[in-house]
Amino acid sequence: MDLRTISKFEGSFQYVPPRCFELAGREFELLMDDGYDIVLNFVDNKTVKWNYVNKEPTEPQTDEYECRKGDDTTYFVTWCLAGKEMAKRENFTFVIDLEQMLVSHVIAKMGVNPRWPYLVTTDFVFGAIKQEGVEFKPYPRHGFTDDMVGNIVKWQYAPEMATVHAYHASHWYRITYPREDIKTEEAKARIEAMNQMVSKLPGPDEPTDYVKIKDGLYLVSLTERNMEKVIGADGGFRSDTLCFLDNFHNHYNVGRGFGTITRDGKDFPVYVMIGAYGKVFDADSNEDYVKLMTDPNPFLP
């Protein structure tokens with residue numbers, strides 16, 4: 001019996017783990033390197049109250065958060081700020097590292113660029129979690145890294161949904177949608193459509209930031225800026241930004257997508273949680289993978 005016939009999962013991210021509630025009832029003061037400290041109060045399983053200590057808003061703001069675990073002591077936490085208009089939406093993502101008592105904060109905003117208003121900007125701020133009786137120090141910190149450069153990883157989100165990510169250069173990545181293991185005509189059509197969309201670009205390169213959280217655990221943030229600039233509404237996806245917390249000890253990741261989809265002239269918000277199993281490939285094992293690692297980047301002079 002083909003067990004896939006018993007139930008049908010309609011989404012693309014079947015391997016997303018359930019929500020983590022371990023932070024509920026806890027409060028953290030984050031001492032951030034940009035000088036603007038943040039208080040996070042996880043009131044319950046879904047509600048977070050947050051505020052800046054020394055800039056607006058200093059009064060607690062209330063949002064609904066999602067939390068997933070990157071490892072036993074590291075939490076991927078994200079929410080979209082309430083009260084923002086469609087074209088000015090904003091997302092906060094935190095990696096809260098209770099082993100090292102460090103934190104990374106990714107701030108994603110729409111509507112910043114007047115030429116390409118759908119473009120999502122991403123800013124990173126690193127910091128430490130305040131500890132009573134422990135002297136504040138400006139180091140160590142999570143930080144940008146080249147550790148992942150030179151690797152190719154296939155991420156499997158569902159039985160027939162996968163992407164291959166080529167981490168070919170600092171601040172860049174490339175993507176392709178593999179055809180192997182695809183059995184249904186519906187999945188084949190979806191994969192072909194995605195590859196055709198990427199083929200409309202001069203190349204599959206998109207800006208990417210790699211952050212080392214600890215050995216084997218990395219935060220990867222990529223934004224489809226080139227797709228938005230070149231294809232625009234014809235691509236459907238409008239500068240979506242994806243954050244992944246990749247754990248290469250257990251070859252698994254969790255993350256979130258944030259952006260916009262345009263269909264039939266109408267805009268719809270994207271905010272989705274992601275989970276996938278990963279497999280690291282030898283770049284020389286496949287001719288297409290070799291090209292992903294060696295082809296020149298057409299977006300650079």
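1. Basis. Because the model is predicted, local features need pLDDT of at least 70 and side-chain atom pairs count only at pLDDT 80 or more, while totals for chains, interfaces and linings use all residues. Residues are numbered from 1 along each chain as its sequence is written, and side-chain values use heavy atoms, with hydrogens and water left out.

2. Nine strands make up an open sheet with antiparallel pairing, in the order β4-β3-β2-β1-β9-β8-β7-β6-β5. Strands here are DSSP runs of E with at least two residues, helices are runs of H or I with at least four, and both are numbered from the N terminus. Two strands pair if DSSP finds at least two bridges between them. β4 (61-64) and β5 (66-71) are the edge strands, each pairing on one side only. From one strand to the next the twist averages 25°, with axes taken as lines fitted to C-alpha atoms and angles running from 0 to 180 degrees between N-to-C directions.

3. β3 (residues 47-52) and β4 run antiparallel and are joined by four bridges. Opposite W50 stands Q61 in β4. The loop between β3 and β4 contains P57, and the peptide bond joining E56 and P57 is cis, with omega about 0°.

4. Strand β15. Seven of the seven residues of β15 (residues 217-223) are buried, so the strand is largely enclosed by the rest of the structure. Buried means under 20% relative accessible area, exposed over 50%, and partly exposed in between, with a 1.4 Å probe and protein chains only. In a regular strand, side chains alternate between the two faces of the sheet. In β15, L217, L219, S221 and T223 point one way, Y218, V220 and L222 point the other way, and all are buried.

5. Neighbours of β15. β14 and β15 pair in the antiparallel sense over six bridges and form a hairpin with two residues between them. G216, in the turn, has a positive phi of about 80°. The bridge partner of T208 in β15 is L222. β15 also runs antiparallel to β16 (residues 241-247), joined to that strand by seven bridges; here L222 stands opposite L242.

6. Cysteines. The structure holds zero disulfides, a disulfide being a pair of cysteine sulfur atoms within 2.5 Å. The closest cysteine sulfur to that of C80 belongs to C243 and is 12 Å away, too far for a bond. C80 is partly exposed at a relative accessible area of 25%, whereas C243 counts as buried at 0% relative accessibility.

7. A search of the whole structure finds two cavities of 30 Å³ or more. On a 1 Å grid over the protein atoms alone, a cavity is a set of points where a 1.4 Å probe fits but cannot get out, and lining residues have an atom within 4 Å of a point. Grid points are joined across faces, edges and corners, and a volume is the space filled by probe spheres set on the points. The largest cavity holds about 70 Å³ of space. Its lining consists of Y173, I175, Y177, V198, L201, P204, D205, E206, E224 and M227. β13 (172-176) and β14 (205-214) are the elements that give two or more residues to this lining. By class there are seven nonpolar, no polar and three charged residues. Ala, Val, Leu, Ile, Met, Phe, Trp, Tyr, Cys and Pro count as nonpolar, Asp, Glu, Lys and Arg as charged, and the others, Gly among them, as polar.

8. Second largest cavity. The volume of the second largest cavity is about 40 Å³. Residues lining this cavity include K154, Q156, P159, E160 and M161. At least two lining residues each come from β11 (151-158) and β12 (161-169). The lining divides into five nonpolar, one polar and four charged residues.

9. Other backbone angles. Y139 and P140 are joined by a cis peptide bond with omega about -10°, and P140 lies in the loop between β9 (120-129) and β10 (143-144). M101, in the loop between β7 (90-97) and β8 (102-110), has a positive phi near 55° and is not a glycine. S239 is likewise not a glycine, with a positive phi of about 60°. S239 lies in the loop between α2 (225-230) and β16 and is buried, with a relative accessible area of 0%.

Definitions and conventions:
On a 1 Å grid over the protein atoms alone, a cavity is a set of points where a 1.4 Å probe fits but cannot get out, and a pocket is an open set with protein on both sides within 12 Å along at least five of seven lines; lining residues have an atom within 4 Å of a point.
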